Number of protein chains: 2
Amino acid sequence: MKTKIGVLVSGGGTNLQALLDAQAAGGLPSGEIVLVISSRPDAYALTRAELAGVRAAVAVRKGRPQAEFEAELLALLAESGVELVILAGFLSILSADFIRQFPNRIVNIHPSLIPAFCGEGFYGLRVHEAALLRGVKLTGATVHFVNEIPDGGKILLQKAVAVEEGDTPAILQRRVMEQAEWLLLPAAAEMVAKSIAQEKENGYL
Amino acid sequence: MKTKIGVLVSGGGTNLQALLDAQAAGGLPSGEIVLVISSRPDAYALTRAELAGVRAAVAVRKGRPQAEFEAELLALLAESGVELVILAGFLSILSADFIRQFPNRIVNIHPSLIPAFCGEGFYGLRVHEAALLRGVKLTGATVHFVNEIPDGGKILLQKAVAVEEGDTPAILQRRVMEQAEWLLLPAAAEMVAKSIAQEKENGYL
């Protein structure tokens, strides 16, 4: 039985697209993306979900208490029977209470080789700005389980990407996406989905 | 005119051997290793230097003031006309005063992908212990210029190495040496030696 996957997004959804493409190409045999939730109503990721025939929902983050927002997320995830949550460019912080309800069931991708350039304050272009400022020759991406420490959970997969002469944060960000994120995230999704499916088969769940 | 290189060591000298082998194989055309100094009199690195026909000297660190030790280092380096200092498993900390005398002329190799697992307290097996403890899937090595911040100088070269199931710190250390350190250090030495040689040719020095 396939593991039901919910993907949380906030923006353009290129990592979501990588997951949808992998699924369409047979690269996610142990899982099924059943739900996409965006924290912003105008996220293009919602269109990507609809185009792929996946249920798309909005849980607005802005202008409301965190607990109310998370209660809506939980209700949406439960409705679709989601067993594995993937954060794919999801810009909201989840509370420890929320995270504790999905132990080793929330996966995140971070655009650096953790423990470099991670933790509080390191997101989006800032990660690549910091890497260029330090002058590293290699950066990359990391897929990890989410726990209560920012970017502190168990590491699942990492891939290195070369920094090149003349890179700007935006150029480097794009290369890290193309050469690492879009490959790692579907691979990690399949890895965890398979392990959950096996646990169910073995009767542990 | 070749750049005169001095190599500072404290132990077995496998990184020194990588430099000597590269030189013998024509991989260091812009530099010449003219001196090896060990901070310990029993370092096998001294034997490696002698076997390669390179001047080997001892400047004992233990049991004497830092300033006296560094004065001896400086005298030895000056005697041999050293223009580029390479730290190859050199376990003593150099003072800011010493470092300021060789701006962008001291190169160090660190067995991780800086900025991961570096800075004070991270040396030798401890680096690999920390990497295994954090559960990274990729580690590696970094060659960098030495400045007054521990492992804080400009990065010259980096290479990633995979962590494998069942790795111990010692196994991982050996793999990082074989797959990264022994390749990077000669390459960086040639890169910097060439740039110094060119500056001399251009009359900047």
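Reply: With a term: two strands pair if DSSP finds at least two bridges between them. Strands (E, at least two residues) and helices (H or I, at least four) are DSSP runs, numbered from the N terminus. This is a predicted model, where local features need pLDDT of at least 70, side-chain atom pairs count only at pLDDT 80 or more, and totals for chains, interfaces and linings use all residues. Residues are numbered from 1 along each chain as written, chains are lettered from A and ligands numbered from 1 in written order, and side-chain values use heavy atoms, without hydrogens or water.

Me: Great, on to chain A. What's the strand order in its sheet?

Reply: E3-E2-E1-E4-E5-E6-E7, in an open sheet of 7 strands with mixed pairing.

Me: Which strands are at the edges there?

Reply: Strand E3 (55-58) and strand E7 (155-162) of chain A, and each of them pairs on one side only. Neighbouring strands in this sheet are turned against each other by 20° on average, ignoring direction. Angles run from 0 to 180 degrees between N-to-C directions, and axes are lines fitted to C-alpha atoms, for helices over the stretch in contact.

Me: How do E5 and E6 of chain A pair, parallel or antiparallel?

Reply: Antiparallel: strand E5 (residues 106-110) and strand E6 (residues 138-145) of chain A are joined over 4 bridges. For a spot to look at, take His110(A), whose bridge partner in E6(A) is Thr142(A).

Me: Nice. Switching to helices, how do H1 and H6 of chain A pack?

Reply: Helix H1 (residues 14-24) and helix H6 (residues 169-201) of chain A pack at about 55°, and their axes are 9 Å apart.

Me: Which residues make that contact?

Reply: On H1(A) you'll find Thr14(A), Asn15(A), Ala18(A), Leu19(A) and Ala22(A). H6(A) brings Met177(A), Glu181(A), Trp182(A), Leu185(A), Pro186(A) and Ala189(A) to the contact. Contact here means heavy atoms within 4.5 Å.

Me: Now chain B. What does its sheet look like?

Reply: Chain B has an open sheet of 7 strands in the order E3-E2-E1-E4-E5-E6-E7, and the pairing is mixed. Strand E3 (55-58) and strand E7 (155-162) of chain B each have a single partner strand, so one side of each has no neighbour in the sheet.

Me: How many bridges join E4 and E5 of chain B?

Reply: There are 3, between strand E4 (residues 84-87) and strand E5 (residues 106-110) of chain B, which run parallel. Within that pairing, Ile86(B) has Val107(B) of E5(B) as its bridge partner.

Me: What does H2 of chain B touch on the sheet?

Reply: Helix H2 (residues 44-51) of chain B packs against strand E1 (3-9), strand E2 (31-38) and E3 of chain B. The direction of H2 makes about 155° with that of E3(B).

Me: And at what angle do H5 and H6 of chain B cross?

Reply: At roughly 110°, with the axes of helix H5 (residues 125-134) and helix H6 (residues 169-201) of chain B coming within 9 Å. From H5(B), Leu125(B), His128(B), Glu129(B), Ala131(B) and Leu132(B) take part. Their counterparts on H6(B) are Pro169(B), Ala170(B), Leu172(B), Gln173(B) and Val176(B).
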